[in-house]
There are 4 protein chains.
Amino acid sequence: MAQPRDAYRVFRAIGTRWMDNDVYGHVNNVVYYSWFDTAVNAYLIEQGALDIHQGETIGLVIETQCNYFAPLAFPQTIEAGLRVARLGESSVRYEVGLFAQGAPMSAACGHFIHVYVGRDDRRPRPLPPRLREVLEGLRMPA
Amino acid sequence: MAQPRDAYRVFRAIGTRWMDNDVYGHVNNVVYYSWFDTAVNAYLIEQGALDIHQGETIGLVIETQCNYFAPLAFPQTIEAGLRVARLGESSVRYEVGLFAQGAPMSAACGHFIHVYVGRDDRRPRPLPPRLREVLEGLRMPA
Amino acid sequence: MAQPRDAYRVFRAIGTRWMDNDVYGHVNNVVYYSWFDTAVNAYLIEQGALDIHQGETIGLVIETQCNYFAPLAFPQTIEAGLRVARLGESSVRYEVGLFAQGAPMSAACGHFIHVYVGRDDRRPRPLPPRLREVLEGLRMPA
Amino acid sequence: MAQPRDAYRVFRAIGTRWMDNDVYGHVNNVVYYSWFDTAVNAYLIEQGALDIHQGETIGLVIETQCNYFAPLAFPQTIEAGLRVARLGESSVRYEVGLFAQGAPMSAACGHFIHVYVGRDDRRPRPLPPRLREVLEGLRMPA
């Protein structure tokens with residue numbers, strides 16, 4: 001179900017691209033997932049919680065899902081709302097709502113689950129302390 | 001969970017692309033969904049069950065999901081197994097397994113749900129007869 | 001050669017995406033072209049010079065080129081500078097400079113040539129009057 | 001100008017994807033470049049001339065170009081013809097022709113120029129011997 005803006009903790013603006021529209025004239029379902037990745041990773045990098053080039057651990061995606069309620073289309077600007085729903089020893093579930101700019105209810109909702117692993121051995125690792133701190137800040141108040 | 005090949009009815013080969021790999025050296029989670037779309041739509045077009053330019057109805061995606069078990073990477077060739085899991089009056093749930101070429105178990109599994117609507121009014125329509133016929137052929141035997 | 005900002009008439013900001021980075025950690029050369037399309041088409045739509053759904057004419061791309069001087073990478077914001085270099089009866093040559101946010105010199109420069117054709121018959125048509133007006137505004141002063 | 005098949009040394013098949021088509025119903029101009037990268041890099045990897053994960057040198061793209069003669073569209077299969085046009089101390093110019101499957105003349109032609117640099121310092125390096133050998137085999141006979 002579509003959700004209101006106050007179901008999310010932080011928002012990031014994402015620009016659509018010409019190529020996002022498919023032959024039916026709306027953003028293709030695949031593109032939404034690139035916005036999930038983009039919104040979450042950009043936020044983590046800005047908060048100093050992710051170093052994609054040198055970090056000893058990396059987040060592997062093990063599950064993704066999206067539900068679509070209303071079409072979006074280039075040249076709209078999208079606002080992605082973020083929250084953390086589950087925070088484990090070495091995993092995190094992000095939930096993302098995508099809103100047309102200024103719209104009260106989400107046009108799509110989805111989630112993805114990251115498991116943190118060693119960059120080289122790809123075995124589970126505890127979430128790094130700074131990452132955990134940032135993720136705690138993305139949880140919804142009880 | 002990863003599934004064996006005999007869990008799917010038909011297979012299509014999909015070539016990976018250089019850009020599919022992300023900074024961690026494996027195919028990005030987003031790209032898997034473009035393979036779902038590609039495998040299903042190409043099959044439907046070849047079977048005469050989809051006309052993307054002139055058809056009076058179009059399939060709108062309302063839900064997608066993917067679970068990832070093992071990495072895939074350019075320049076591998078991928079084999080996508082297809083089956084139909086639910087067939088309603090105006091909707092269909094496709095399930096797709098992605099296999100590394102020749103591998104017995106899937107590296108990822110996912111699904112997407114299409115609702116068929118009028119191209120112009122975007123209101124639900126019964127699945128066209130030829131499409132329904134092809135989709136019946138993608139169901140697993142009981 | 002890299003060019004300064006005053007070589008362009010208007011600028012548009014473009015957000016990078018996680019998937020834009022390739023395995024070497026920088027934006028893949030292909031992605032730059034999606035920014036060209038995006039910057040120009042968004043500008044034309046905002047100026048009322050392009051209707052991608054209903055317009056009787058469409059712009060077909062017949063040539064594209066890009067030269068790359070310095071790497072760009074997610075999560076940078078890119079600034080695309082636009083100008084029109086040649087304006088014919090039914091064609092236009094756009095030139096685009098891509099700048100890292102705030103940088104004085106372009107990280108990449110490119111162009112693409114649109115020929116306007118009828119949506120259905122795909123035969124050359126004169127540029128629509130409102131489009132020509134907007135394109136005149138993108139020419140550099142002599 | 002469109003070119004015949006015998007203007008190229010080797011061919012590789014590339015599958016189109018649903019998302020390759022844009023709102024006008026043909027493959028977007030940007031996608032052609034992802035095919036250039038894919039055809040050349042897959043060929044180099046198969047010939048043992050490129051190790052994208054461990055190689056000490058990497059190929060940086062400094063220029064790309066494409067001319068478009070006829071539309072291509074999903075679900076067509078594309079055949080990419082490859083040749084090497086210039087081979088320098090640390091650079092190479094690849095030329096690629098894209099053909100609709102079985103077509104005698106190319107639907108698009110392009111090139112890209114790679115400069116080989118150290119993976120870490122990004123300074124020019126001589127082409128590795130095995131790479132040079134493979135590239136010599138892609139030159140057209142005089």
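Reader: Before we look at the strands, what makes two strands pair?
Author: Two strands pair if DSSP finds at least two bridges between them. Helices (H or I, at least four residues) and strands (E, at least two) are themselves DSSP runs, numbered from the N terminus. This is a predicted model, in which local features need pLDDT of at least 70, side-chain atom pairs count only at pLDDT 80 or more, and totals for chains, interfaces and linings use all residues. Residues are numbered from 1 along each chain as its sequence is written, while chains are lettered from A and ligands numbered from 1 in the order in which they are written.

Reader: How many bridges join E2 of chain A to E2(B)?
Author: Five bridges join strand E2 (residues 57–68) of chain A to E2(B), and the two run antiparallel. Within E2(B), B:Glu63 is the residue opposite A:Asn67.

Reader: And how many residues of chain B are in contact with chain A?
Author: There are 17 residues of chain B in contact with 17 residues of chain A; contact requires C-beta atoms, placed from the backbone, to lie within 7 Å. On the chain B side, helix H1 (31–46) and strand E2 (57–68) each supply at least two residues. The largest share, nine residues, comes from E2(B).

Reader: What is H1(B) like, then?
Author: H1(B) has 16 residues and reaches 23 Å from its first C-alpha to its last, close to the 22 Å expected at 1.5 Å a residue. That expected span is 1.5 Å times one less than the number of residues. Because 14 of its 16 residues are buried, H1(B) is largely enclosed by the rest of the structure. A residue counts as buried if 20 or more other C-beta atoms lie within 10 Å of its own, exposed if 12 or fewer, and partly exposed in between, with C-beta atoms placed from the backbone. Just after H1(B), B:Gly48 takes a positive phi of about 70 degrees.

Reader: Which residues is C:Tyr43 in contact with?
Author: Leaving aside neighbours within four places in sequence, C:Tyr43 is in contact with C:Val10, C:Arg12 and C:Leu82. C:Val10 is 33 residues apart from C:Tyr43 along the chain, yet their C-alpha atoms are separated by 9.1 Å.

Reader: Lastly, how can chain D be laid on chain B?
Author: A turn of 180 degrees with a shift of 0.0 Å along the axis does this, with an RMSD of 0.0 Å. That is the relation of a two-fold axis. The copies are superposed by least squares on the C-alpha atoms of residues with pLDDT of at least 70 in both.

Definitions and conventions:
Contact = placed C-beta atoms within 7 Å.
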